[in-house]
Amino acid sequence: MIKTEGLFFKYDDEKDENKYALKNINLNIVDGEFVVIIGHNGSGKSTLSKLFNGIYYPTDGKIYIDGLDTSDESQIWEIRKRAGMVFQNPDNQLVATIVEEDVAFGPENLGLPSEEIRARVDEALESVKMSAFKRKPPHHLSGGQKQRVAIAGILAMKPRCIIFDEPTAMLDPSGRKEVMQTIAHLNKDEKMTIVHITHFMDEAVEADRILVMDEGEIVLEGKPKEVFSQVEKLKEIGLDVPQVTLLSFELNQMGYAVNKENLTVDELVENLCQLK
Ligand code: ADP
Ligand code: MG
């Protein structure tokens, strides 16, 4: 679904000749995969997501979305139809004064017939569980609800892949939970490819694969257990691990027979119950 080959990117206004925001990124994200990208501020996550969506073009190397080369300007709308983006602040993405009009905005721009638009809007709002709010003004909604409407706006374009750039960063815990449940639903039930950028480590636990970025490079990659068991490496680049994993790691270091790779409370409890 998303493939990059020897991808490098440098911002035009970057004064330092040698400073690339992205360095030699080689990725292959397959159809239906749920990939989480973590990394501290400035590591290049947002830059990479904007390259996926054809907002920026590679300085060197290639990106293909569903086989389409993002450097080919004639394909840009095809690419954006297939890979939608959801950003941090839903207020910046909501444009209309009524929820259903907002969700209709994308399909209207595709020039679809009005019955088709109607059907897509209803289906998208249903998928994010916001149908009951379709006639409400977006500014009356909570942060989590607004973000779900923003997601519905992308769904109405029927993309195969959605790239989320820190969609929960501005939300309270219940809003975060709503959005995470929506993302899980899109991946598990609707079989969509998901790229989710986050700095909340607990949101990465459910991923098929985690990519860890540092200074424009992918420095670590693997299943959640493989990545989070590298506690020292993650600390070295200034990242946390989920609390359960950290506690398991520390108990293990103290000599208890606890699995360092535990990710969930249940796994840790099971280990602890087996201790003599
Ligand atoms: P992240 O999303 O991981 O916080 P970014 O992709 O935003 O990281 O930034 C990666 C690097 O690119 C940083 O060094 C940042 O300062 C730089 N950068 C980001 N946006 C711009 C821009 N518009 N112009 C120049 N440099 C930028
Ligand atoms: Mg960012």
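User: What makes the position of Lys158 a loop position, between which helix and which strand?
Analyst: Lys158 lies between helix H5 (143-155) and strand E7 (161-165), where helices (H or I, at least four residues) and strands (E, at least two) are DSSP runs numbered from the N terminus. This is a predicted model, in which local features need pLDDT of at least 70, side-chain atom pairs count only at pLDDT 80 or more, and totals for chains, interfaces and linings use all residues. Residues are numbered from 1 along each chain as its sequence is written, chains are lettered from A and ligands numbered from 1 in the order in which they are written, and side-chain values use heavy atoms, with hydrogens and water left out.

User: Why is Lys158 called partly exposed?
Analyst: Buried means under 20% relative accessible area and exposed over 50%, with partly exposed in between (1.4 Å probe, protein chains only). Lys158 has a relative accessible area of 44%, and is therefore partly exposed.

User: How do you know that Lys158 makes a polar contact with Glu123?
Analyst: A polar contact is a pair of N or O atoms within 3.5 Å; within protein, one must be able to donate a hydrogen and the other to accept it, and residues adjacent in sequence count only if both atoms are side-chain atoms. The side chains of Lys158 and Glu123 meet this with a distance of 3.4 Å. Arg120 is 38 residues from Lys158 in sequence, yet their C-alpha atoms are 8.3 Å apart.

User: Which atoms of Tyr11, Gly42 and Lys45 lie close enough to ligand 1 for a polar contact?
Analyst: For Tyr11, a polar side-chain atom lies 3.3 Å from a nitrogen atom of ligand 1. In Gly42 a backbone N or O atom lies 2.7 Å from a ligand oxygen, and in Lys45 a polar side-chain atom lies 2.8 Å from an oxygen of ligand 1.

User: What makes a set of residues a nonpolar core, and which members of the largest one touch the most others?
Analyst: A nonpolar core is a set of buried Ala, Val, Leu, Ile, Met, Phe, Trp, Tyr and Cys residues joined through side-chain atoms within 4.5 Å. The largest has 47 residues, and Ile38, Val212 and Phe228 touch the most other members. Its largest share, six residues, comes from H5. A second, separate core of 26 residues includes Met1, Val35, Phe52 and Ile63.
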